[in-house]
Amino acid sequence: MHENQSGTDGSDKNRKLVNFIINLPLFEYLERDELFDVASQMEFVDLDPGEVLFNEWDKADFVCFVERGELDVTKKTGPNTSTVMATLRRGRSIGEMSIINNFPRSSTVIARSKVRLAVFQRAAFEDLLEKKVNIGVNILKGLANLLSINLKKASSRLADNMLPMG
């Protein structure tokens, strides 16, 4: 995993990040000027195909958003085997809970293709929460909304799988 340093200055990087994160559910309650505060705390990171973003049980201290490419989310099925649970594409996030707790990662995430991610560290979120409370609270509202949506999807899948066989 390597930070992208393509010769752009901070303001150019922040503008590109804002243009990307403005449509992400986690940040839906933020105004454009607040998005610049968040973007100043984020970095773009590039992964090559086959590169591991993180492993199952790793310490979780950042959330990331797929700006370009595809990530495979995998779970171990045996000592030397795993299965792909999902493939994440542009606009999808991974590790949202890591900005509020430090539970270990529940899956391994591997770049399927060349990937660019926007990374938001828990320390940066905590800093924002302390210095700009309204931004932190609005990110937490976005997180609660995102979790609610994910819970509804999971409940629906569970209900579908519990229907009696006819």
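**View 1. Valine 119 of β9 and its bridge partner glutamate 43 in the predicted model.** Glutamate 43 finds its bridge partner in β9 at valine 119. The strands involved are β2 (residues 42-47) and β9, which run antiparallel. Six bridges join them.

**View 2. Cysteine 64 and β9.** Valine 119 of β9 is also the bridge partner of cysteine 64. Here the pairing is between strand β4 (residues 62-68) and β9. It is antiparallel and spans six bridges.

**View 3. Strand β9 and its burial.** Strand β9 covers residues 115-121. Six of its seven residues are buried, so the strand is largely enclosed by the rest of the structure. In a regular strand, side chains alternate between the two faces of the sheet.

**View 4. The largest nonpolar core.** This core holds 24 residues. Those with the most contacts inside it are Ile21, Phe27, Val38, Met42, Phe65, Phe120 and Ile139. Helices α1 (10-21), α2 (32-39), α3 (122-131) and α4 (133-162) each supply at least two of its residues, as do strands β2, β4 and β9. The most come from α1, which gives four.

**View 5. Surroundings of methionine 42.**

**View 6. Another core, of 16 residues.**

Methods
Residues are numbered from 1 along each chain as its sequence is written. This is a predicted model: local features need pLDDT of at least 70, side-chain atom pairs count only at pLDDT 80 or more; totals for chains, interfaces and linings use all residues. Side-chain values use heavy atoms; hydrogens and water are left out. Buried means under 20% relative accessible area, exposed over 50%, partly exposed in between (1.4 Å probe, protein chains only). Two strands pair if DSSP finds at least two bridges between them. A nonpolar core is a set of buried Ala, Val, Leu, Ile, Met, Phe, Trp, Tyr and Cys residues joined through side-chain atoms within 4.5 Å. Contact means heavy atoms within 4.5 Å. Lists of a residue's contacts leave out its neighbours within four places in sequence.
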